[in-house]
Amino acid sequence: MRFREHILAAAATGLALYPRSPFRAALTILGGVALDIDHFVLYALRSGDWNPVGALRYDRRRHRPPRRGDTQPRYGSLRSIAHEPQVTVPLVWITAILWSPLRPFAAGLTVHLALDLHLPHYNWRVYRRARVRCERCGVAGVPLEVYYLVDPRRGGKRWSAQNCVLWCGECAREARDRRERISTPLGSLPGVDGCDAT
């Protein structure tokens with residue numbers, strides 16, 4: 001949940017699309033942030049804590065790497081099917097076409113989901129730096145994937161090339177077996193963010 005980014009992007013979109021209609025601009029902003037209700041509901045169902053302040057504290061804590069002695073539970077991905085653009089965007093826009101007052105809300109929701117997309121699932125800066133060789137063993141001519149050293153959901157920097165490495169599958173398996181801190185291959189699993197070029 002990146003509430004600040006979503007509200008700023010939705011506000012900019014609302015003001016750009018509806019400069020003379022504060023109500024429609026407000027609906028766009030609402031659409032840009034309302035989708036994050038699923039994070040709160042999933043947190044509350046998994047933790048039993050229905051306090052919004054507790055959810056915000058958990059959200060801040062879950063993005064930091066775990067500290068030694070930290071025994072507080074982590075609840076995994078807090079994303080529902082509503083965060084799947086291929087499901088949500090068509091449904092919302094079909095409804096908005098049939099009922100025009102929903103269009104500003106649909107625009108805000110689309111902006112929200114666009115901010116959550118990370119395509120493509122590789123990083124040209126990392127490929128350039130590695131010269132298309134595995135940065136761990138130096139092998140070339142085999143399939144290579146970009147991995148996060150520290151997953152952004154655990155405190156790693158999402159846009160930093162220094163937090164990304166280009167490894168072959170064998171090196172990634174070895175690193176995982178030795179419990180080195182790497183994430184899954186970028187883009188290989190649903191809900192795993194890619195390391196994109198900026």
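In the predicted model, Tyr75 is placed in the loop that lies between helix 4 (52–62) and helix 5 (85–98). Once residues up to four places away in sequence are set aside, Tyr75 touches Tyr43, Arg46, Ser47 and Tyr58.

A pair of strands was examined next. Strand 1, comprising residues 144–148, is mostly covered, with four of its five residues buried. Strand 1 runs antiparallel to strand 2 (residues 164–168), and five bridges join the two. Within this pairing, Glu145 has Trp167 of strand 2 as its bridge partner. In general, the side chains of a regular strand alternate between the two faces of the sheet.

Helix 8 spans residues 169–177 and includes Cys171. The relative accessibility of Cys171 is 5%; because buried means under 20% relative accessible area, Cys171 counts as buried. Apart from neighbours within four places in sequence, Cys171 is in contact with Cys134, Arg136 and Cys137. Cys171 was also compared in position with Glu135: these residues are 36 apart in sequence, and the distance between them is 9.2 Å in space, C-alpha to C-alpha.

Conventions
Residues numbered from 1 in each chain as written. Predicted model: local features only at pLDDT ≥ 70, side-chain atom pairs only at ≥ 80, totals over all residues. Heavy atoms only, no water. Buried < 20%, exposed > 50% of the residue type's maximum accessible area, 1.4 Å probe, protein only. Pairing = 2+ DSSP bridges. Contact = heavy atoms within 4.5 Å.
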